[in-house]
Amino acid sequence: MKSRRELFPHVLEMNHQARRRLGCCVYLVFDGDEWALIDIGYEDTLNDIVSIIRMLDFPLSQCKYLIATHADVDHIQGLKRAKELMPQAQVIGHPNAATLMAEGERIMTYAEISAQGISIPLPAIKFDQTIQEGDRLKIGNLELEVWHTPGHAPAQLSFRMGNLLFSGDNIYRDGCVGNIDAHHGSDIPAFIRSLKRIQESDVEWLLPSHGPCFKKDNAMLQVTLDRLDRYQHRADFGTCAVDWPLLDEWDEELAKA
């Protein structure tokens, strides 16, 4: 059996375990005989991830959940193949993600960005169950509390376990946030509410979907919140902005000739 490099008790992360970057963060949460994966990443890294899981002595037959934080292609392209390997595992996520995945939708999932020549296969898959704000997932004696934290994407979920928050694409260690894009369904006011919720919580550690985990820093979060607040009022963000003060100024100037 390969040595388990736990980030925290009962928590492994596949990039950290492999000591190399495989893609988005893929968290394995375990207790007793049960375990679950939060996100799965691209299909072309799935074999590596499954191989690591086997070497860590986690029987594939004991996987309880395959959890999608949201429906971005870099998080879930390998989900259909993972379900084939672990048919007993319940594929779960937000209802919005379930709809996108069942339809094999390509724009909101970032599978198709024609302006940049991006076209990535995205196998459709039907979720076994949808989860919402306030639901609780049991893994052995552990419990994950479901938070709906929209902003980056309508389906974005986070999961609290004690003083840890699997925080998805809400915030990264450098203060950056997940992409803000109208075609993706991003919502800046919702993003601000989600980040304020994280900031005001007594969570101590954030485990994001990209990059390393980090201790929650409310001052850093405030810098990000202030930046997002400015984004709401800038034409740079198109229909994701809520207004453009320059036009109000222009109206006043026109009225005054």
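**Close-up views of a predicted model**

Just after helix 5, G104 adopts a positive phi of about 65°. The model is predicted, with local features requiring pLDDT of at least 70 and side-chain atom pairs pLDDT 80 or more, while totals for chains, interfaces and linings use all residues. Residues are numbered from 1 along each chain as its sequence is written, and side-chain values use heavy atoms, without hydrogens and water.

**View A. The buried residues of helix 5 (residues 95–103) are A97, A98, L100 and M101.** Helices are DSSP runs of H or I with at least four residues, strands runs of E with at least two, both numbered from the N terminus; buried means under 20% relative accessible area with a 1.4 Å probe, protein chains only. Seen down the axis of helix 5, these residues fall within an arc of 165° (taken from the directions from the axis to the C-beta atoms), so they line one face of the helix. Their cover, by contact (heavy atoms within 4.5 Å), includes helix 3 (73–76) and strand 8 (129–130).

**View B. W35 and F58 form a tilted pair, because their ring planes stand at 55° with centres 5.9 Å apart.** Rings of Phe, Tyr and Trp (its six-membered ring) pair if their centres lie within 6.5 Å; planes under 30 degrees apart are stacked, over 60 edge-to-face and the rest tilted. W35 lies in strand 3 (residues 34–38) and F58 in the loop between helix 2 (46–55) and strand 4 (63–67), so the pair ties together parts 23 residues apart in sequence. Both W35 and F58 are buried.

**View C. The charged end of R4 sits over the ring of F58, 3.8 Å from its centre.** This arrangement requires NZ of Lys or CZ of Arg within 6 Å of the ring centre and within 35 degrees of the ring normal. The charged end of R4 also sits over the ring of F30, 5.3 Å from its centre. F30, W35 and F58 form one aromatic cluster.

Conventions
Buried < 20%, exposed > 50% of the residue type's maximum accessible area, 1.4 Å probe, protein only.
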